[in-house]
Amino acid sequence: MAGLPGPAPRLARLALLALAALALGVAAQDNCTCATNKLAVCRPEGPGGRCQCRAYGSDAVVDCSRLTPKCLLLKARARAPQKGRTLVRPGPSAIVDNDGLYDPECDREGRFKARQCNGTAQCWCVNSVGVRRTDKGGAELRCAELVRTERILIELRHGPAARVNLSYLDAELRHLFRRRYGLGAGAVRAVHYEEPVIQIELHQNASQKAPGDVDIADAAYYFERDVKGESLFLSHRGQGVPVRGDPVPVERTLIYYLDEKPPEFSMTRLSAGLTAVIVVVVVALVAGAVVLVITSRRKSGKYRKVEIKELGEMRNPPSSSGRFVVTFQRSRAFLLMGARVLPTETWKPSSSCGGGARGAG
């Protein structure tokens with residue numbers, strides 16, 4: 001009995017354990033953040049006081065061990081206050097998707113609903129990435145289904161000073177999408193490089209995506225934010241494409257989407273472009289015709305002025321210099337005529353002197 005601990009040491013150990021649990025609880029509450037979503041609002045309001053995070057703007061509970069669906073991220077960006085938007089503000093070279101940032105409607109799983117209206121009476125249909133794939137219509141517009149985006153092409157253009165090795169680039173990007181974004185290895189179909197353009201092909205159709213798998217739309221959106229230095233990860237810093245530890249700075253980012261079904265845009269888009277071309281051609285033809293008319297009128301005006309001037313000179317009496325010229329020309333003509341006539345008629349030699357005297361007189 002002497003070897004057994006008394007009640008005092010047992011109470012002391014229990015008190016220490018309680019203090020340790022309390023300290024861990026406080027630390028957990030202080031660490032109540034979402035590692036995969038900076039825009040999430042986290043509080044210790046889960047079961048047993050555990051940390052629980054909800055997407056800003058939709059209040060949907062998010063799993064911070066995986067990527068947040070893109071629809072919830074766009075809703076958070078659209079509804080975030082001006083101060084909060086500095087965390088995810090698009091860079092100067094950002095290309096927005098179709099109609100830019102809007103406040104989307106999401107389903108219970110955080111995916112885009114097929115029809116979007118942005119809180120207005122103007123609606124349109126989107127694909128699984130949230131990009132518009134039909135013309136805009138009224139509130140009566142109906143979208144039969146949410147068409148899945150099965151291929152995404154990410155095109156990056158790096159700066160002139162960057163030097164990239166394709167073999168390293170291919171391995172680094174495949175590892176990045178698998179490790180950081182949790183995307184399956186087969187989803188990165190190919191990596192292409194032709195200086196200065198990097199292309200990443202993502203492919204995932206409905207049959208290749210099992211329940212719980214990361215969607216290529218979410219992975220592409222997280223990657224885009226990382227490249228632009230606007231990461232949604234709490235612990236990530238920097239920008240560019242990481243290659244062997246050194247980020248390659250990117251000057252331009254373009255993302256193309258290919259759906260399982262072709263888009264349903266009507267001919268109004270094409271007719272608008274065709275109308276613009278026709279207007280330009282008509283304006284050019286009218287401008288050419290106006291130039292020709294003005295040029296021809298100027299030429300005819302010059303000829304008319306010359307004719308009027310000549311006619312005026314003929315009607316007006318000649319000046320003194322003009323009379324001198326005319327008189328001089330007439331006198332010269334008379335002298336020339338006399339030079340030809342007089343020697344043959346007046347100064348013709350005669351056989352008698354008297355005849356000569358008469359001719360002289």
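A disulfide is a pair of cysteine sulfur atoms within 2.5 Å. C34 and C64 form such a pair, with their sulfur atoms 2.1 Å apart. The model described here is predicted. Across the whole structure, a search finds 6 disulfides, and the structure also holds 6 aromatic pairs. This briefing covers the disulfides, the aromatic contacts and a nonpolar surface patch.

**Disulfides**

- With bonded cysteines counted along the chain, the disulfides follow the pattern 1-4, 2-6, 3-5, 7-8, 9-10, 11-12.
- The torsion about the S-S bond of C34 and C64 is about -120°, so this disulfide is left-handed.
- The pair of C34 and C64 links distant parts of the chain, 30 residues apart. C34 lies in the loop between α1 (7-30) and β1 (40-43), whereas C64 lies in the loop between β2 (52-55) and α2 (70-79).
- C34 has a relative accessibility of 3% and therefore counts as buried.
- C42 and C53 form another disulfide, in which the sulfur atoms are 2.0 Å apart. This link is right-handed, with 110° about the S-S bond.
- Because C42 is in strand β1 and C53 is in strand β2, their pair ties together parts that are 11 residues apart in sequence. Both C42 and C53 are buried.
- C125 is joined to C143 by a disulfide with an S to S distance of 1.9 Å. The torsion about the S-S bond of C125 and C143 is about -95°, so the disulfide is left-handed.
- The pair of C125 and C143 links distant parts of the chain: C125 belongs to strand β4 (residues 124-125), and C143 to the loop between β4 and β5 (149-158), 18 residues apart.
- C125 is buried, with a relative accessible area of 9%. C143, at 18% relative accessibility, also counts as buried, because the term applies under 20%.

**Aromatic contacts**

- Among the 6 aromatic pairs is that of F177 and F223, whose ring centres are 5.0 Å apart. Their planes meet at 35°, so the pair is tilted.
- F177 and F223 are both buried.
- Y181 and F233 also form a tilted aromatic pair, with 6.1 Å from centre to centre and 35° between the planes.
- Y181 lies in the loop between α3 and β6 (188-194), and F233 lies in the loop between α4 and β8 (241-243), so their pair ties together parts that are 52 residues apart in sequence.
- Y181 is buried, with a relative accessible area of 2%. F233 counts as buried as well, at 9% relative accessibility.
- One aromatic cluster is formed by F177, Y181, Y222, F223 and F233.
- A contact between a charge and a ring involves K136 and W124: the charged end of K136 sits over the ring of W124, 4.9 Å from its centre.

**Nonpolar surface patch**

- I278, V282, V286, V290 and I294 make a nonpolar surface patch of about 390 Å².
- Within this patch, V282 has its place in helix α5 (residues 268-315).
- V282 has a relative accessible area of 42% and is therefore partly exposed.

Technical notes: Residues are numbered from 1 along each chain as its sequence is written. This is a predicted model: local features need pLDDT of at least 70, side-chain atom pairs count only at pLDDT 80 or more; totals for chains, interfaces and linings use all residues. Side-chain values use heavy atoms; hydrogens and water are left out. Patches are made of residues with over 30% relative accessible area and no salt bridge: like charges are joined within 9 Å, nonpolar side chains (Val, Leu, Ile, Met, Phe, Trp, Tyr) within 5 Å. Accessible areas come from the Shrake-Rupley method with a 1.4 Å probe; for residues, only the protein chains shown count as cover. A salt bridge is a side-chain nitrogen of Lys or Arg within 4 Å of a carboxyl oxygen of Asp or Glu. Helices (H or I, at least four residues) and strands (E, at least two) are DSSP runs, numbered from the N terminus. Buried means under 20% relative accessible area, exposed over 50%, partly exposed in between (1.4 Å probe, protein chains only). Rings of Phe, Tyr and Trp (its six-membered ring) pair if their centres lie within 6.5 Å; planes under 30 degrees apart count as stacked, over 60 as edge-to-face and the rest as tilted. A charge sits over a ring if NZ of Lys or CZ of Arg is within 6 Å of the ring centre and within 35 degrees of the ring normal.
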